[in-house]
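Let's read a helix pair and some backbone features in this model.

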Amino acid sequence: MHGFSVEFSDYRQYNAGESTRNIDWRLYGRTDRLYVKQFQEETNLRCQLVIDHSNSMLFPIEGQGDIDNPNKLTFSVYAAAVLMELLHRQRDAFGLTLLANGIDLNTPCRSNTAHQHHLLTELDHLLQPIHGVPSAQPTTPNSKLPTTNLVDSLHLLAEQLHRRSLIVIFTDAFVDDSQQEALLDALRHLRHNKHEVILFHTFHRARELQLDYDARPTRFVDLESGRTLRLNPSEIAQQYSDTMLRQQADLQQRTIQYRIDYIPVDVAQGFHQVILPFLLKRSKQ
């Protein structure tokens with residue numbers, strides 16, 4: 001769409017009788033011809049892309065930066081970049097928010113190319129190898145890495161977004177049992193402020209929800225706290241899986257009640273097998 005307020009698009013010849021406001025007089029001085037500047041006009045949609053980049057999103061660590069076999073953070077970064085490109089082509093405004101222990105980055109919504117390049121640079125930083133965490137095997141993370149305070153961060157974001165927007169959240173919703181209800185309250189806070197919310201719930205189904213590991217003593221490392229636990233997965237797999245799947249089902253049911261679009265993301269399926277069905281579904285709405 002052409003308008004007179006946002007980003008320069010191209011020139012067209014001046015037609016006699018129309019306003020001289022947008023004539024490029026410098027170009028006239030060089031060419032002795034009258035040309036009018038045209039601008040691309042943005043539409044009304046404002047989209048805030050929200051990424052939880054806490055330690056737990058690095059799982060599985062070997063998937064860091066690998067688009068074909070991504071971990072939770074890698075999927076989130078690439079999905080956000082794809083949505084930015086689609087929004088940019090539609091002349092819609094978009095911003096980026098990074099959450100961990102608070103809000104680490106919160107940009108305004110804009111639609112120009114320079115803004116998109118800036119946000120892509122910020123996303124690229126998230127894909128850089130993490131110092132102190134080998135790419136092939138889990139270990140205790142560097143103490144300087146961010147930890148999660150997802151609930152408070154979402155409440156704070158809800159207070160800072162003053163204009164009605166589409167909020168797209170990428171998170172593994174990694175909170176303990178005592179915070180499950182608080183997390184739902186934070187999501188409801190966004191809906192109460194009239195935002196449309198899409199929740200990409202990222203997880204690795206086999207490893208995180210079903211505890212699918214070899215039946216032998218194994219050392220597990222909490223990427224959030226660095227604490228370790230040695231146990232035989234087969235001894236607790238069924239009870240663990242029942243609990244995790246019940247929590248996921250509860251999260252899905254409650255978000256539907258709040259009219260939040262819930263998208264389960266098993267990163268083991270790969271990036272394209274998840275994002276393409278979602279985009280096709282949204283295009284039909």
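**Reading helix 5 and its surroundings**

Q: How many residues does helix 5 have, and what is its span from first C-alpha to last?

A: This is a predicted model. Helix 5 has 13 residues and spans 18 Å from its first C-alpha to its last, close to the 18 Å expected at 1.5 Å a residue.

Q: What describes two packed helices?

A: The angle between their axes and the distance between the axes. Here, helix 4 (residues 150–160) and helix 5 (residues 180–192) pack at about 15°, with axes 9 Å apart. The angle is under 35 degrees, so helix 4 is roughly parallel to helix 5. Their crossing is left-handed.

Q: Which residues of helix 4 and helix 5 meet?

A: Helix 4 brings L150, V151, L154, H155, A158 and E159. Helix 5 brings A182, L183, D185, A186, L187, H189 and L190. By class, the contact has 9 nonpolar, 2 polar and 2 charged residues.

Q: Which residues of helix 5 are buried?

A: An α-helix has 3.6 residues a turn, so residues three or four places apart point the same way. In helix 5, the buried residues are Q180, L183, L184, A186, L187, H189 and L190. They pack against helix 4, strand 7 (166–171), strand 8 (196–203) and helix 7 (233–257).

Q: Where does A173 lie, and is A173 buried or exposed?

A: A173 lies in the loop between strand 7 and helix 5. Its phi is positive, about 50°, although A173 is not a glycine. A173 counts as buried, at 13% relative accessibility.

Q: What follows helix 5?

A: K194 follows helix 5, with a positive phi near 75°.

Key:
Residues are numbered from 1 along each chain as its sequence is written. This is a predicted model: local features need pLDDT of at least 70, side-chain atom pairs count only at pLDDT 80 or more; totals for chains, interfaces and linings use all residues. Side-chain values use heavy atoms; hydrogens and water are left out. Axes are lines fitted to C-alpha atoms, for helices over the stretch in contact, and angles run from 0 to 180 degrees between N-to-C directions. Helices (H or I, at least four residues) and strands (E, at least two) are DSSP runs, numbered from the N terminus. Angles under 35 degrees count as roughly parallel, over 145 as roughly antiparallel, 65 to 115 as roughly perpendicular and the rest as oblique. A crossing is left-handed if the near helix is turned anticlockwise from the far one by less than a right angle, and right-handed if clockwise. Contact means heavy atoms within 4.5 Å. Ala, Val, Leu, Ile, Met, Phe, Trp, Tyr, Cys and Pro count as nonpolar, Asp, Glu, Lys and Arg as charged, and the others, Gly among them, as polar. The expected span of a helix is 1.5 Å times one less than its number of residues. Buried means under 20% relative accessible area, exposed over 50%, partly exposed in between (1.4 Å probe, protein chains only).
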